[in-house]
Amino acid sequence: MSTPSHVVVVGASAGGLSTAEALRRQGFTGRLTIVGAEPHPPYDRPPLSKQVLAGVWEPERARLRTEPTLSAVDAQWCLGDPAVAFDAATRSVRTRSGTTVSGDAVVLATGAAPLRLPGSTDLAGV
Ligand SMILES: Cc1cc2nc3c(=O)[nH]c(=O)nc-3n(C[C@H](O)[C@H](O)[C@H](O)COP(=O)(O)OP(=O)(O)OC[C@H]3O[C@@H](n4cnc5c(N)ncnc54)[C@H](O)[C@@H]3O)c2cc1C
């Protein structure tokens, strides 16, 4: 496979950010586009249920990188616009706003969402 010139990363959290940073560290000089469902720059989730919930940290402190460090990744960030379709044949991602981004490689770093057990929604403390 030839070296990609445009990599599209779907998911702008720890996994997506680490992928982008690793590509740059390893000398990738092509275009990088990072598509994220949430409007926020990447943030660390564990403190949310600990320091932030306890009121010890301001939410801003949970950011994974400072603005200059994020800029150094030299990526185009498309935040607040979730991918709604992926065509593996053309390596194209369509977002909710109707934008289509095509790359030579697409990385899916969309994490996981918890499943709710049927009948658990009304249980206290769940
Ligand atoms: C409250 C909380 C506390 C935690 N505490 C701990 C802990 O103490 N220790 C520990 O080891 N782990 C903890 N974790 C788990 C840890 O945060 C995850 O393992 C880690 O965030 C996984 O990173 P990820 O990038 O793979 O996925 P995620 O962080 O889930 O990121 C996936 C990203 O993809 C985005 N996305 C999803 N679908 C789309 C789409 N269609 N288009 C575009 N973007 C999309 C999401 O919005 C999200 O930003 C905790 C998680 C939470 C939520």
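Reply: Let us begin with burial, where buried means under 20% relative accessible area, exposed over 50%, and partly exposed in between (1.4 Å probe, protein chains only). In helix α1, the buried residues are G16, L17, A20, E21, A22 and R24. Helices (H or I, at least four residues) and strands (E, at least two) are DSSP runs, numbered from the N terminus. This is a predicted model, in which local features need pLDDT of at least 70 and side-chain atom pairs count only at pLDDT 80 or more, while totals for chains, interfaces and linings use all residues. Residues are numbered from 1 along each chain as its sequence is written, and side-chain values use heavy atoms, with hydrogens and water left out.

Me: Which elements do the buried residues of α1 pack against?

Reply: Contact means heavy atoms within 4.5 Å. The buried residues of α1 pack against the strands β1 (6-10), β2 (31-36) and β3 (76-79), and against helix α2 (67-72).

Me: How is the span of α1 to be read?

Reply: The expected span of a helix is 1.5 Å times one less than its number of residues. Helix α1 covers residues 14-25, 12 residues in number, and reaches 16 Å from its first C-alpha to its last, close to the 16 Å expected. Just after α1, G27 has a positive phi of about 95°.

Me: How many salt bridges does a search of the whole structure find?

Reply: A salt bridge is a side-chain nitrogen of Lys or Arg within 4 Å of a carboxyl oxygen of Asp or Glu. The search finds four. One of them joins E38 to R45, with the closest N and O atoms 3.0 Å apart; E38 is partly exposed at 31%, and R45 is partly exposed at 38%.

Me: Which residues are linked in a network of salt bridges?

Reply: The network links E60, R63 and E67. The side chains of E60 and R63 meet at 3.6 Å, N to O, and R63 bridges to E67 at 3.0 Å. Of these residues, E60 is exposed, with a relative accessible area of 54%, whereas R63 is partly exposed at 24%.

Me: Which residues come nearest to the ligand?

Reply: A residue is near a molecule if one of its heavy atoms lies within 4 Å of it. Of the 18 residues around the ligand, S13, G15, E38, R45 and K50 come nearest. An oxygen atom of the ligand is 2.7 Å from an N or O atom in the side chain of K50.

Terms used:
Polar contact = N/O pair within 3.5 Å; in protein donor to acceptor, adjacent residues only side chain to side chain.
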